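Work through the exercises below with the sequence and the coordinates open. Try each task before reading its solution.

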Amino acid sequence: MLIDSHCHLDAAEFDSDRLQVWAQAQSLGVSKVVIPAVHPDNFATVAEFAQQVTGAYYALGIHPMYVRYCAQAEFQERNNPSHQENEGRSANRDIGTSVDVRVDMDYKQGSDRSVEVYSREPALSDLEAAIVKALDDPLFVGIGEIGLDFFVPEISEGAERERQEHFYQEQLKLAQRYQLPVILHVRRSQDTLLKYLRRIRVPGGIAHAFNGSMQQAQAFIDLGFCLGFGGTLTYPRSLQIRRLATELDLAQIVLETDAPDIPPAFLTPDTQGQRRNSPEYLPRIARELADLRGVSYQDIVSATGANVQRVLTRMS
């Protein structure tokens, strides 16, 4: 089964043809797609799209590059004069104030429980409430996209880096609390991600768009993760990624597009000069991996699809 384990089909780049794009991908053999959220504003969007089409699943999380916008919105809200007038709301929305949101949830085991949701950040309490609501949805597969990004200079140090690490830790705690796998954003942050994963044990997941050393790859694998490979492996100069994709045990590899981002080498610009990636290109990425490893296309499809369902257990 060919599965795109990481695709942002909810992105604005697909607003004009989202359904057609997914239909085209399915016609080319892509059976399933995982759409991770990036911010509370698109939690409902990814869930609703998954409900509209066959083969789509979703994850809920706050992307490290969107953490700063969550904090900015919270700061603006706290300093808005109208905010002071709404005492009931402000009691739960001030930065630095613990939030106690009580959510009723019917567990699949059949017992009714009242779950207390505690968070120091409104966006995180919103995330937990969304997770609790999604637990009964078979299309919900885990927490993501979360992680750390130390590639972008303005968020890689100081207060911005601290905020990233805070959100990452808190989202790992949610994954641990609800025993959910995570989908990780990994950009020049492998060792720091691993440090927190060793402290806050979660049920594994996927290290998306992995680009680290073999030693770092093995560390993620030892913690229950598969490693995501996509369009980057189609570039002949991506020597490290191509080496990893060739030498790692196939049982630890999943395929992805990260569409509309990370266009593969074979994708040419459109009339506007854009190279919009799409899940329809996943079969060609799979063939590239098969060629690199010297195995059949069907071997890659079967193994990587099974790997996704092994680590994202709710898809099984």
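**Exercise 1. Find the polar partners of the E256 side chain, then describe its surroundings.**

Solution. 
- Step 1. Start with side chains. The E256 side chain makes a polar contact with the side chain of H208, at 2.7 Å. This is a predicted model, so the value is computed from predicted coordinates.
- Step 2. Turn to the backbone. A polar atom of the E256 side chain lies 3.1 Å from the backbone nitrogen of A209.
- Step 3. Look for a charged partner. E256 is buried and has no salt bridge. R187 is the nearest side chain of opposite charge, and it is 11 Å away.
- Step 4. E256 sits in the loop that runs between strand 10 (253-255) and helix 11 (282-293).
- Step 5. List contacts, skipping neighbours within four places in sequence. Among them are D4, S5, H6, G228, F229, L282 and I285.

**Exercise 2. Give the strand order of the open sheet and name its edges.**

Solution. 
- Step 1. Write the order. The open sheet has 8 strands, arranged 1-2-3-6-7-8-9-10, and the pairing is parallel.
- Step 2. Find the edges. Strand 1 (2-4) and strand 10 each pair on one side only.
- Step 3. Inspect one pair. Strand 9 (residues 225-229) joins strand 10 in the parallel sense over 3 bridges. F229 has L255 in strand 10 as its bridge partner.

**Exercise 3. Is V186 buried or exposed, and what does it contact?**

Solution. 
- Step 1. Assign the element. V186 is in strand 7.
- Step 2. Apply the cut-off. Buried means under 20% relative accessible area. V186 has 6% relative accessibility, so it counts as buried.
- Step 3. Collect contacts beyond four places in sequence. They are L148, L193, A207, H208 and A209.
- Step 4. Check one distance. V186 and H208 are 22 residues apart along the chain, and their C-alpha atoms are separated by 6.6 Å.

**Exercise 4. How many salt bridges does the whole structure hold, and how do three of them compare in setting?**

Solution. 
- Step 1. Count. The whole structure has 10 salt bridges.
- Step 2. Take R18 and D15. Their closest N and O atoms are 2.6 Å apart. R18 counts as buried because its relative accessibility is 18%. D15 reaches 53% and therefore counts as exposed.
- Step 3. Take R68 and E160. Their closest N and O atoms are 3.9 Å apart. R68 is in helix 3 (residues 67-78) and E160 in helix 7 (residues 158-178), so this pair links distant parts of the chain, 92 residues apart. R68, at 27% relative accessibility, counts as partly exposed.
- Step 4. R68, E160 and R163 are linked in a network of salt bridges.
- Step 5. Take E247 and R243. The salt bridge spans 3.1 Å, N to O. About one helical turn separates the two, because they are 4 residues apart in helix 10 (residues 239-247). E247 is partly exposed at 49%, and R243 is partly exposed at 34%.

**Exercise 5. Where are the peptide bonds from G144 to E145 and from A259 to P260, and what are their omega values?**

Solution. 
- Step 1. The bond from G144 to E145 is cis, with omega near 15 degrees. E145 lies in strand 6 (residues 140-149).
- Step 2. The bond from A259 to P260 is cis, with omega near 10 degrees. P260 lies in the loop between strand 10 and helix 11.
- Step 3. Recall the general rule: most peptide bonds are trans.

Key: Residues numbered from 1 in each chain as written. Predicted model: local features only at pLDDT ≥ 70, side-chain atom pairs only at ≥ 80, totals over all residues. Heavy atoms only, no water. Buried < 20%, exposed > 50% of the residue type's maximum accessible area, 1.4 Å probe, protein only. Lys, Arg positive; Asp, Glu negative; His and termini not counted. Salt bridge = Lys/Arg side-chain N within 4 Å of Asp/Glu carboxyl O. Polar contact = N/O pair within 3.5 Å; in protein donor to acceptor, adjacent residues only side chain to side chain. Contact = heavy atoms within 4.5 Å. Pairing = 2+ DSSP bridges.
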